[in-house]
Structures are given as C-alpha cells and as structure tokens.
Amino acid sequence: MKNKLIHYQKKLFIICIQGIILFTFVQCKTNQLTMRHEILAQQERNNSKKMKFTKPPYLKKGDTIMIVAPAGFVVDSTELDPGIALAKSWGLEVVLGKHVFNRHNHFAGTDEERLGDMQLALDNKNIKAIWCSRGGYGTVRIIDQIDFTAFKKNPKWVVGFSDVTTLHCHIYNLGIATIHATMPGGMRSATDEAKQTLYKALFGYDYGFEIPSNSLNKKGNAKGVLIGGNLSIINSMMGSETEINTYDKILFIEDVGEDLYRLDRMMYTLKRSGLLKNLKGLIVGDFSYDIEKDTLFGGSHREIMLNVVKEYNYPVIFDFPAGHVKDNRTLIFGKEIKIEVDDVKSKVSY
C-alpha cells in the first residue's frame, strides 16, 4: 500500500511538472504574440507622423572617401582598382581601411579588425563617404559593436548593397539617408548607368528612372520615403533593433541565388509581421535564381510576390534595374520618391 502511494505521488509530481512546463510555454508564446501585436500597433500610432531623414552633405571635388570591408574578404588589390580609378576620375581622394585586404576564414579580417576600420571611417571628420568594398556575409557580426555617436553628429554617405543592407537598415533607424549602389569590386563590369547614377547620388544631382512596365505590375501612383535592400538581410534583421519600420514607405527588395520556396517564405514572413500592410509602394529589383530548377514550384518570383501583396492597394514595379546585376542603378534610401506605374512604363523620380 505504501509503495502504491509513493508511486501515485511520483506520478502526480511528474504530471504537475509537465503542466507547469506546458503552462510556461503557452504563456511565453502568448506574451510573445501580444508583444508583437503591441509593437505593430505602436508602429501604426507613432508613424502616422512622418519620420524626418537627414541627408549627409553631398560630395565635392577634393573630398576624401574611405573603402572598408565589413563583410567578405577581398581577393586582392586588383578587385578594388576599377572602383578606385572611377572615384579618382570624379576628383575624389581615396583611402583604404587598414585591414581591407585581410582575410580571416570567410571574412575580411577578424570581427575586431573589420569593426576597427568601420569605426575609424565613421568617426573621422575628414572622411566624407564610406564605400563598402563588397558584400558576402559578416556585417551583422559587428553592427551591435559600432558606436554611431560621432556619425549622428556628422553624417556621411554609407554606400553599398547586398550584405551592406544591415548598415542601411540600422542607419535608416537613426534617421539618416544611405546609398544602395555598386561597390568597388563590381565596377569592372558595371554599366554606364550604374556609374552615372552613383555619381549623381553622391554629388547631389537630380535623376530618375523610366523603364518598360512588366505585365504583372500593379498600376498606380505613390509618393513616399524609399527604404529596403536585400530581402534575405531584411528578414534576418527582424526582431532586432535593426528591423526596419515600413509604415508609409516605399520598399525596394532584391536578392540572388535563393530558391523560389525561400522567396515565398520570406515574403510571407514580412506579410505576417505586418511589414507589407502599410506600404505606399513596392519596387522589386533583380532576383537571380535557377529557373530550370525551380519550375516545379509553380510560378516566377514575380507571381509569388504579387500573390502575397494582391490584397493591398499600392503600386508594384517589377524588373527594376538594381541588385546583383551589371546594371545596378543607384538608389538613395531615406529620400522621398514618386512612382508612377501604367501599362506602358514605370517611372521613379526623386
């Protein structure tokens, strides 16, 4: 009898422990969802007011820019030569980060070395723009250690794309504009339009784009501040202080080498998080993937994205010339743009 009582007591104890664990798990999930809803509701309340963006001073001849490598390693100096030559032809002085040619496994030096170069470039008042050497992966490993105090007092243009989207997102949240553009390593094969639009963005000249409309575009006109970058990186920033707030913004996205099911998943992640609901417009750049491999998924990246945003009443532009392509035309994030989409053409103007 005593043994049976002990057995039942043990069983009851185990059941109680399991109940506590289950209750704690459910409570955590509930709190997590509640917090997410509160964050989204707060976004909607706060961002009915327009966020003001600071544009760093435009460049002029004689200014000094610095090339840094916050992510993947640079193979050798010849990789940067075309970008350096281009910048010098514009009358700019070019200095290189101390560790720009270092290599530590996948990265351009250790986290500490890459951080040191980036911090120096941000803090040095004589550096008027920071041009990231290339993308790859690695900026997220140093973003939380960067001190933006001096940068906020004396903003300067930060230029790059792909993995540099981490910097775009973080600096966007500081209320400072950045430039999405080809990096030095890509200038060897860049089109004239890619080079010219970067020049105009850096030196403060007005410019815009007019491209043929894709039949899947959603027609309409909109005006709003442009933000965005690489879709994978935007997804990876969610839940952190670098997560972008898309309320009343025009979102640009691009990516490379992602399977269609991953693109589908990332778009639904943005949707379920509320980041696609309150856009003013969506601009879709280049998405390079294995078309033959992905035919079984059932549709192109355009059809995937259109399906995700079909319920929203804002214009969508496909095939915008920006991303991991030679014709990677420069975009200024944090600056208001106007988009006009009809059956024949799509216009984007600053």
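Modeller: A nonpolar core here is a set of buried Ala, Val, Leu, Ile, Met, Phe, Trp, Tyr and Cys residues joined through side-chain atoms within 4.5 Å. Buried means under 20% relative accessible area, exposed means over 50%, and partly exposed lies in between, with a 1.4 Å probe and protein chains only. The model is predicted, so local features need pLDDT of at least 70 and side-chain atom pairs count only at pLDDT 80 or more, while totals for chains, interfaces and linings use all residues. Residues are numbered from 1 along each chain as its sequence is written, and side-chain values use heavy atoms, with hydrogens and water left out.

The protein has nine helices and 13 strands; these are DSSP runs numbered from the N terminus, with helices being H or I of at least four residues and strands E of at least two. Of its 350 residues, 51% are buried. Contact means heavy atoms within 4.5 Å. Among the contacts with a separation of 6 or more, 80% are between residues 24 or more positions apart.

The largest nonpolar core holds 68 residues, and Trp 131, Ile 146, Leu 167, Leu 198, Leu 202, Ile 283 and Phe 320 have the most contacts inside it. Take Ile 283: neighbours within four places in sequence aside, its contacts include Leu 226, Ile 250, Phe 252, Phe 320, Ile 339 and Val 348. There is also a second, separate core of 34 residues, which includes Phe 53, Val 284, Val 309 and Val 316.

An open sheet of seven strands runs in the order β6-β13-β12-β7-β8-β9-β10, with mixed pairing. Strands count as paired if DSSP finds at least two bridges between them. The edges of this sheet are β6 and β10, each of which pairs on one side only. Further in, β7 and β12 run antiparallel and are joined by six bridges; Val 225 stands opposite Glu 336 of β12. In a regular strand, side chains alternate between the two faces of the sheet.

Helix α9 lies across β8, β9 and β10 and runs at about 155 degrees to β9. For such angles, axes are lines fitted to C-alpha atoms, for helices over the stretch in contact, and the angle runs from 0 to 180 degrees between N-to-C directions. The helix covers residues 301–309, and its buried residues are His 301, Ile 304, Met 305, Leu 306, Val 308 and Val 309. Those buried residues pack against β8 (249–256), α8 (260–272), β9 (281–288) and β10 (316–317).

Strand β3 is another place to look. Five of its six residues (127–132) are buried, so β3 is largely enclosed by the rest of the structure. It pairs in the parallel sense with β1 (residues 64–68) over five bridges, and with β4 (residues 157–160), also parallel, over three bridges. Ile 130 of β3 stands opposite Met 66 and has Val 158 as its bridge partner in β4. Cys 132 is buried at 0% relative accessible area. Ser 133 lies in the loop between β3 and α4 (149–153) and counts as buried at 1%. Beyond neighbours within four places in sequence, Ser 133 is in contact with residues including Ile 67, Val 74, Leu 80, Val 100 and Met 183.

Cys 169 is also buried, at 1%. The count of disulfides is zero, where a disulfide is a pair of cysteine sulfur atoms within 2.5 Å.

Salt bridges number eight, each being a side-chain nitrogen of Lys or Arg within 4 Å of a carboxyl oxygen of Asp or Glu. Asp 327 and Arg 329 meet at 3.0 Å, N to O, and both are buried. Asp 63 and Lys 60 pair with their closest N and O atoms 3.4 Å apart; Asp 63 is buried at 9%, whereas Lys 60 is exposed at 55%. Asp 343 and Lys 219 form another bridge, at 3.2 Å between the closest N and O atoms. Asp 343 lies in the loop between β12 (336–341) and β13 (345–349), and Lys 219 in the loop between β6 (208–212) and β7 (220–230), so this pair ties together parts 124 residues apart in sequence. Both Asp 343 and Lys 219 are exposed. Elsewhere, salt bridges with shared partners join Asp 111, Arg 114 and Arg 141 into one network.
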